[in-house]
Amino acid sequence: MMTAAAEAIGFIGLGRMGSPMAMRLAQSGFQLVVCDLDPLVQERFRASGARVVDHPAAVADAARTTLLCLPDPGAVRSVVFDQDGLVHGKLSQTIVDLSTIGPGEAREIARGLQNSGKSYVDAPVTGGVEGAGQGNLTMMLGATEPVFQALRPVLSCMAARLILAGAEPGSGQLMKVLNNLLSFVALAATSEAMALGVKGGLSPAAMLDAFNHGSGRNSATEEKFPRAVLTRSFDFGFPVDGVVKDLELCLSEGAARHIPMPIGQSALQLWRIAAAERGNEDMTSIMKLFERWSGVEVCA
């Protein structure tokens, strides 16, 4: 069983999600070997006791297990397979991908590593930046039971819930994109409902109270609207462009498996409209589209 004192853990991708996750590992006593292009990030992790190296292969020369938290499939492929990628590291045995890249891409990366002596585990997370900082994420893994148990001491430092989605690569990714489909549809539908309610003279706070004690309850009514919409902060922690990317990954898997997804397709078109106007803004800013269309403002 892997313990904090046993060996180094690699971590690549120290952005908004990756940085707090990696810092939790450092605070739990794991010796980190990290790689990031940002000098400020490098300095912060040096100060925490991590070893900073220049490229992914150097991480894989120093750590048997490396965690990735990267923005898209292209970034993951580059870190794994490029000239200085993890695949060329001498010590590396297991690559755990915390990114959201879709099930098809996860299967392809696993196939690409088949003859390298390295295994690939997809382990995407949900819970946002706040959950990452608190170690309160949910992680969905595509791994065999023995690998799942071997990784548990490391992963449980970052996630309160570890869910074994299936043994095949891509299982965790499939569960993650389905979770996101439900979450993003709920956020869009709640925005639509709130706009109509305010237009009809209802109080936003009263509506949320009714929804959250009735059958309309969802993650948007319970968390996103109270925290980021009614307060007008619009800072829940995930961009509109990211929503479009994740919905496209989900619908791509549906198309590959010949599953009709009319609700998902409709949601994707709406989120693409939002991205054209507010791609870099927080996903909760989709409410602003409905406000403009309806001539209302949804606030406390």
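Is W293 buried, exposed or partly exposed? W293 counts as partly exposed, at 44% relative accessibility. Buried means under 20% relative accessible area, exposed over 50%, and partly exposed in between (1.4 Å probe, protein chains only).

1. Basis. This is a predicted model, where local features need pLDDT of at least 70, side-chain atom pairs count only at pLDDT 80 or more, and totals for chains, interfaces and linings use all residues. Residues are numbered from 1 along each chain as its sequence is written, and side-chain values use heavy atoms, with hydrogens and water left out.

2. Aromatic pairs. The structure holds three of them. Rings of Phe, Tyr and Trp (its six-membered ring) pair if their centres lie within 6.5 Å; planes under 30 degrees apart are stacked, over 60 edge-to-face, the rest tilted.

3. F184 and F238. This pair is stacked, at 6.1 Å centre to centre with 10 degrees between the planes. F184 sits in helix α8 (residues 171-199), F238 in the loop between α10 (219-229) and α11 (240-256), 54 residues apart. Helices (H or I, at least four residues) are DSSP runs, numbered from the N terminus. F184 is buried at 3%. F238 is partly exposed at 27%. Ring pairs join F184, F238 and W271 into a cluster.

4. F290 and W293. Here the geometry is edge-to-face: 5.3 Å between centres, 75 degrees between planes. Both residues lie in helix α13 (residues 286-294); they are three residues apart, so about one helical turn separates them. F290 is buried, at 6% relative accessibility.

5. A charge over a ring. K288 lies over the face of F234, 4.4 Å from the ring centre. The criterion: NZ of Lys or CZ of Arg within 6 Å of the ring centre and within 35 degrees of the ring normal.

Terms used
Helices (H or I, at least four residues) and strands (E, at least two) are DSSP runs, numbered from the N terminus.
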